[in-house]
Amino acid sequence: MRRYVYNLDPQKMPDAWYNILPDLPTPHAPVLHPATHKPVVPEDLAPIFPMNLIEQEMSSEPAISIPGEVMDRYLMFRPTPLRRAYRLEEALQTPAKIYYKNESVTPSGSHKINTSIPQAYYNKVEGVQSLSTETGAGQWGTALSIACAMFNMQCKVYMVRVSFDQKPYRKGFMETFGATVIASPSDTTEVGRKIRAANPGTSGSLGMAISEAVEVAVTSGGTVKYSLGSVLNHVCMHQTIIGEEALLQMEMAGDYPDVVIGCCGGGSNFAGIAFPFVREKFNKKLDTRFIAAEPTACPTLTKGPFAYDFGDTGQLTPLIKQYTLGHNFVPPGIHAGGLRYHGVAATVAHLKKDEVIEAVALHQNPCFQASLMFAKAEGIIPAPESGHAVRSAIDEAIKCRESGEAKTILFNLSGHGHFDITAYEAYLRGNLQDLELDEETLAKGIASIPEIKE
């Protein structure tokens, strides 16, 4: 009899996150202060983050223990299942074996809650009562609103305007858990007002929303801290619970992936599924491939230069060595709002530079076509972001069909698309455009990258 699902015993759930920093094959570029351009020290980050998260951000320890209070809340929905996609394999007539880690079963409907819970916890431990943040498509804002409710904290979310308009139910979901949700750029912050004046009618970007959320924290006098849903090392580290579980579940299946895939915007869900397997690749000299799937409308890894850049439009954040399209870049309003970010996690960028991982850029229509195929085969509607991983996994399976190779493919289904039905309706009606950025638009964004002497 076929075994479709591999459920890990909660008592065997991993009790530590994986920190990839000490295992990187070449030295990691330091994070620089936005004003002095000198490497940041913990005190530089203290106005926006609690010290315990700053320590995680800079830690040289390969394993960070998960606190008991965080584990208690994880166990409300973790471990998440690993599933074998037999029906998708049959639909594709491929000899490949396709597995997916199903993060859509969490309370937030995506992987984002894996870091929102520890971030809220560590802030609460230091006496912080209120968090500010940004969100693109809404998965991160949703996750943080739930985590803040768990710890009886206040939550203010700046939501990228195009997604604010496209996804009204996301706003309602966040408000249900007590969050305040504001369309960004807004008139509630100085940086928001400046951006609106310089870009009338802008659809917004994650870089703009980050600037507003950071300003709220910096100007609060310490009563509000900032919480980020991707990019930073501690965020990616919290997400590695996904890959650590998947390693044990693949062992249960008696299998091991030849290819590991995740969609990639800021990089957290890709890091979450991939980094523990990258560690195994390093330690055991394996040939595992890693594919980060991004949109052609925001091709950070495939077309951006590797350079120091700000993480936000208002230039309030530290400078990070990354692949970037420029902090002023405003991507088109594709429905995969969580992938509309100009930069990427420094650790993900570092692995791409060292050719440990690879990247592909995909149009949104083929991604929705793949998501429909997946939904009809597996019964789950993927989030538009996750659809990029689905498309990439299907493309790899088709290559196996053409070559006759029986490879094992693992991808992260980072979230469901229950709040994205309008996007699916647009696809079914033929109203979605496949956007390929012209060189002029790319050049304009890249021109905003600062020149930093190293």
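**View A. The second largest cavity in the predicted model.** The second largest cavity has a volume of about 40 Å³, where a cavity is a set of points on a 1 Å grid over the protein atoms alone at which a 1.4 Å probe fits but cannot get out, and a volume is the space filled by probe spheres set on the points, which are joined across faces, edges and corners. Its lining, made of residues with an atom within 4 Å of a point, includes Pro295, Ile334, His363, Gln433 and Asp434. By class, this lining has five nonpolar, four polar and one charged residues, with Ala, Val, Leu, Ile, Met, Phe, Trp, Tyr, Cys and Pro counted as nonpolar, Asp, Glu, Lys and Arg as charged, and the others, Gly among them, as polar.

**View B. The largest cavity.** About 350 Å³ of space lies in the largest cavity, and of the 31 residues that line it, Lys112, Gly229, Ser230, Gly266 and Gly338 are the closest to its centre. The lining divides into eleven nonpolar, 17 polar and three charged residues.

**View C. Helices H9 and H10.** The axes of H9 (residues 190-198) and H10 (residues 206-218) come within 8 Å and cross at roughly 150°, which makes H9 roughly antiparallel to H10, a label for angles over 145 degrees. Glu190, Val191, Gly192 and Ile195 in H9 meet Met208, Ser211, Glu212 and Glu215 in H10, contact meaning heavy atoms within 4.5 Å. Helices are DSSP runs (H or I, at least four residues) numbered from the N terminus, and axes are lines fitted to C-alpha atoms over the stretch in contact, with angles from 0 to 180 degrees between N-to-C directions.

**Notes.** Residues are numbered from 1 along each chain as its sequence is written, and side-chain values use heavy atoms, leaving out hydrogens and water. Because this is a predicted model, local features need pLDDT of at least 70 and side-chain atom pairs count only at pLDDT 80 or more, whereas totals for chains, interfaces and linings use all residues.

How values were computed
Helices (H or I, at least four residues) and strands (E, at least two) are DSSP runs, numbered from the N terminus. Angles under 35 degrees count as roughly parallel, over 145 as roughly antiparallel, 65 to 115 as roughly perpendicular and the rest as oblique. On a 1 Å grid over the protein atoms alone, a cavity is a set of points where a 1.4 Å probe fits but cannot get out, and a pocket is an open set with protein on both sides within 12 Å along at least five of seven lines; lining residues have an atom within 4 Å of a point.
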